[in-house]
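Hi everyone, thanks for making time for this. I'd like to walk you through a structure that may be new to you, so please have it open as we go.

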Amino acid sequence: MIRIVFSILLLAAFVIPVTLHAQNSGVLSGYVTDAQTGDPLPGATVRLEGTERGAATDTNGYFTIENVAPRSYTVTASFVGYQSVTRYNVVVNSGNNPDINFALEPSVNELGEISVEPDPYDQPPENPLSRQELSQVQIASYPGGNNDIAKVAQSLPGVSGSVGGFRNDVIIRGGAPSENVYYLDGIEIPVINHFATQGSAGGPVGLLNVSFFEGVSLSTSSFPARYDDVLSGVLQFDQRNGNARHYGANIRVGASETAFTVEGPLLKSEEESYANTTFIASVRRSYLQLLFQLIDLPFLPDYWDYQYKLNHKIDNFNELTITGVGAIDDFRINKPDNITAEQQATLDQVPIIKQWSSTGGISWRHRFRNTDGYLRTTLSSSAFDNNFRQYRDNENKDGLIQSTQSREWSTTLRSEYNRFIENWSISAGLMLENNQYTTQSFRSFDDVRFDTDLDFLRYGAYGQVTREWKNNRFSTSLGIRADGNTFTDDGNKLWRTLSPRLAVSYAIDAHSRWEINASAGRYFKIPPTKILGFQQNNSFVNRNADYIRSDHLVAGLSFTPRKSTQLSVEGFYKRYEAYPVSRSDSVSLANLGADFDIFGNEAILSTGAGRAYGIELTYQQKLISNFYGLLAYTLYWSEFTGFEKNRFLPSRWDNRHLLTFTGGYQLPRNWEIGGRLRILGGAPYPVLKRDASEETYPNLVFDYSTLGEQRLDLFNALDLRIDKKWNFNRWALNLYLEISNVLASNIPNPPEYGLERNADGTPVQPRQIIEIEELDNSSRRPTLGIVIDI
């Protein structure tokens, strides 16, 4: 199969007529602004390194470089009195090129000297370590990523996926998948995956379109005070604006879906070279269900999703942004003709899921006229509707054993004030959120049946002060926030959620090649709404749940021998308190949330503790001499308790060893090859309670007190991607071959269990659970993809 796909790629490279290989030119454009205030910087210089091409910005900070030969460039923006910014691997093609925008930091120090040396690894003072950024080009061309941002994030330092590797759960430094938050242009989005686990956000396929991203940042600690409800990670998606000059389109056909994106200016007159109002919108359609049916798998995942952004610059001081994203999911049953024991077990145990989700919001950014600063106010709304059912006979939908029909709806108002006074930065903000949750839940195996109609408020406030000291070589940032709610017993006691955080950074040498960074912080998260809304005997039994607390200590040293290369080492320690523990299973919910069940739909006690600690080594190389790469190794321990607070057991995410490498090399004639290597130590898994499971099957019961006694084998996978690009007159074509698991490594999974059956397929009586012989899953998976930019 791989040979066939590779032959198609080579054939396309040489069969397309030579006349079409003419290097038609492209256009590179964008804005250069002040990073603090957002003010345009007229007269700023933007140049393509290694060429004589460049341009200066106009009165609105906008630049255009025309007749650019299509290829990858290093681009630098500079302005007197500001720190220059360099972007690596900026791809220009002859089709529609997204704007590339630069935000420059003021660089005049206390002695009046000016620094213009660009630092591509510069981090904000309030978040000086445990942070990674990805550009749109990196995301779109990530080997093994399948244009899926959640899969891409699993290759970043300290980040792994859940056991088995099928899902998009984001596990950060041993924390549970429910401990992360996700923001889209400052709007929190509760769901970033199709077929999401309610209360935990993970799922098998991402629902965000990578064509929208200007950049993505992941923070694994040292969280600024403006972020609430986070324990392990903040994934921030920054969407680009639509093309301000002309209409464009992007068509992408990948392994699981087809995506169509259109963008362009609105209300643009013929006299204007670019518009103040732009839009970008997309729709994606899955054909994964067709592939699964073709290869006779027992379930068929089918989905649609959409995304849009409208941006309008009212004047030089006011800007409006309207954005949204949503999905429709249908997870159906499909009985194979020649069903195997493994497929039968999956058919028995998999739920039938119908979901839809929607997030939308409007943001107003007002820049102050007479002072340096701005006010940003955002109003957003998110809805998640989940219809979850499981039957004793899933194929015929007979014998309902559990069901949940629920809807979560939140409306959030956020306001953020930012002020800049010389070397001081001051920010403060408020958050108010209305949460509505309705559900009808039923489970036969533990006699759960309740209806919930819950309506409560969440609120919070924060402040942060940052100061650059000693000729900008030393910086400090102090923040504090408090959060409350109107539902839980202690929700109105704001002093119980006071969460201070401090970050410091010091450049050892004058050129900032060596830097020491450290942070300490306390972070809180309200338990998921599924926990709060659970009822027994018409009573909210989890109303006394506490906010989950996580204390972080992180310190690191970085060395930047040249502007394109950085090496760093970080040590981290996370301590958890008031973690929910299941009353029925005595397991910390930190071990759950990475399957297709409903996370947190049970009675809990806020008595659990936890800790995760380790050391992380990172080497990063920006694109130079045609090569780029990111190598990271994390050695860590992740442990949580149940009701015995002094008995720490390894968590299900305790891989101990995590090694990732992602890199690429650009070849002549627009060829590029990239690779991704992931090695994870064996994760623990619990022992099955066989007698209990025979009574409750297809619901399986596990003994979580055995965690650490058994571990999976080492996980390793190598993915490769080969790209070939063509540039025609006003449009560009990119064909790529992606091969997952090139080395045909067997992906370790916990044992699978099913009922022992007679020759005719009926269960043996009395019912007996048997372990299903593990099948080889070491196959290579090739994918041929097409991307067209118009």
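Which residues is L208 in contact with, leaving aside its neighbours within four places in sequence? Contact here means heavy atoms within 4.5 Å. The list for L208 is N147, I149, I189, I192, F213, F237, R284, Q307 and V325.

Before going on, a word on where this comes from: it is a predicted model, where local features need pLDDT of at least 70 and side-chain atom pairs count only at pLDDT 80 or more, while totals for chains, interfaces and linings use all residues. Residues are numbered from 1 along each chain as its sequence is written, and side-chain values use heavy atoms, with hydrogens and water left out.

Now to the core. By nonpolar core I mean a set of buried Ala, Val, Leu, Ile, Met, Phe, Trp, Tyr and Cys residues joined through side-chain atoms within 4.5 Å. Buried is under 20% relative accessible area, exposed is over 50%, and partly exposed lies in between, using a 1.4 Å probe and protein chains only. The largest core has 31 residues, and those touching the most other members are I139, I149, Y182, I189, L208, F213 and F237. At least two residues of this core come from each of α3 (149-153), β11 (180-184), β15 (213-219), β16 (233-239) and β21. There is also a second, separate core of 20 residues, with A44, A55, I65 and V75 among them.

Next, the strands. Helices (H or I, at least four residues) and strands (E, at least two) are DSSP runs, numbered from the N terminus. Two strands pair if DSSP finds at least two bridges between them. Strand β20 (residues 299-315) pairs antiparallel with β19 (residues 277-286) over 9 bridges, and R284 stands opposite D305 in β20. On to β21 (residues 318-333): 16 bridges join this strand to β20, again antiparallel. L310 has I322 in β21 as its bridge partner. With 2 residues between them, β20 and β21 form a hairpin.

Elsewhere, an open sheet of 4 strands runs in the order β3-β2-β5-β6 with antiparallel pairing. Its edge strands, β3 (54-56) and β6 (85-92), each pair on one side only. Between β5 (residues 71-78) and β6 there are 6 bridges, and Y73 is partnered with V90 in β6.

Last stop: L718, in strand β41 (residues 715-728). Is L718 buried or partly exposed? It is partly exposed, because its relative accessible area is 21%. I739 is 21 residues away along the chain, yet the C-alpha atoms of L718 and I739 are separated by 8.6 Å.
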